[in-house]
Amino acid sequence: MNLRLFAGSVLSYAYNNWIGRFPSRFLRKRFLSFYLGRLGGSSVQLGCRFLNGRKVFLGDRNVINFGCLFDGRHYEIRIGNDVSIGPEASILTLGHDPQSTSFADQGGTVIIGDHVWIAYRAIILPGVTIGEGAVIAAGAVVTKNVEPYSIVAGSPARKVGERNKNLQYQLNFDPFLI
């Protein structure tokens, strides 16, 4: 077995099963600053899971709510600044080609712009880019790119509105225990 692959698997297991469930923001941040491609001062709450954290890059002042899944197995996840990701959201970079006779892998990098709000249990599929200021509604399944400042909902996600373009907020949520 490849030593690097083994070490990455051990780190993923350690975070996903022990450290990520421990109610200490300090301990989680210390581990994630080493494990992720970039932590960027983001707040990651309890129970989040990372599949190959080395390919997950978080910007500044992001809030990652409890139970989220970041799948960086083969492709990168790049998230901008001041992004709010709701509880149990999933960002996937790898799946399978349904037409493949050999069940071949299919995927791509996911890019999420600044000031994006991803709500509860939304799913972002491989290869998607979400433009700055976009809103992904609760339970939405994003199968294709989302234009900046669009509000999308449903499965598959479709545009249902526009968001104010004059966004100036900076997220600052970093609770001690969660």
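1. In this predicted model, the largest nonpolar core holds 37 residues. Phe50, Phe70, Ile85 and Ile136 are the ones with the most contacts inside this core. The elements α1 (3-17), α2, β3 (56-58), β6 (77-79) and β11 (110-112) each contribute at least two residues to the core. Of these contributions, that of α2 is the largest share, at three residues. As background, nonpolar side chains in soluble globular proteins tend to be buried together.

2. Ile136 deserves a separate look. Leaving aside residues up to four places away in sequence, Ile136 touches Trp117, Ile118, Ala119, Ala122, Ile124, Ile130, Val142, Val146 and Val152. Ile136 is also one of the residues with the most contacts inside the largest nonpolar core.

3. Next, the sheet. Five strands make up an open sheet with parallel pairing, and their order is β2-β5-β8-β13-β16. The edges are taken by β2 (49-51) and β16 (141-142); each has a single partner strand, so one side of each has no neighbour in the sheet.

4. Strand β5 (residues 69-71) and strand β8 (residues 90-91) run parallel and are joined by two bridges. Which residue of β8 is the bridge partner of Leu69? The partner is Ser90.

5. The largest pocket has a volume of about 440 Å³. Its lining consists of 16 residues, and Arg4, Leu5, Gly8, Asn52 and Arg54 are those nearest the centre of the pocket. Both α1 and α2 supply at least two residues of this lining, and α1 gives the most, with seven residues. By class, the pocket lining comprises six nonpolar, six polar and four charged residues.

6. Twelve residues line the largest cavity, with Arg25, Arg28, Lys29, Ser43 and Val44 lying nearest its centre. The elements giving two or more residues to this lining are α2 (25-35) and β1 (43-44). Which element gives the most to the lining of the largest cavity? That is α2, with four residues. The cavity lining divides into five nonpolar, three polar and four charged residues.

How values were computed: Residues numbered from 1 in each chain as written. Predicted model: local features only at pLDDT ≥ 70, side-chain atom pairs only at ≥ 80, totals over all residues. Heavy atoms only, no water. 1 Å grid on protein atoms, 1.4 Å probe; cavity = no way out; pocket = protein on both sides within 12 Å on 5 of 7 lines; lining within 4 Å. Nonpolar A, V, L, I, M, F, W, Y, C, P; charged D, E, K, R; others polar. Pairing = 2+ DSSP bridges. Core = buried A, V, L, I, M, F, W, Y, C linked by side-chain atoms within 4.5 Å. Buried < 20%, exposed > 50% of the residue type's maximum accessible area, 1.4 Å probe, protein only. Contact = heavy atoms within 4.5 Å. Points joined across faces, edges and corners; volume = space filled by probe spheres on them.
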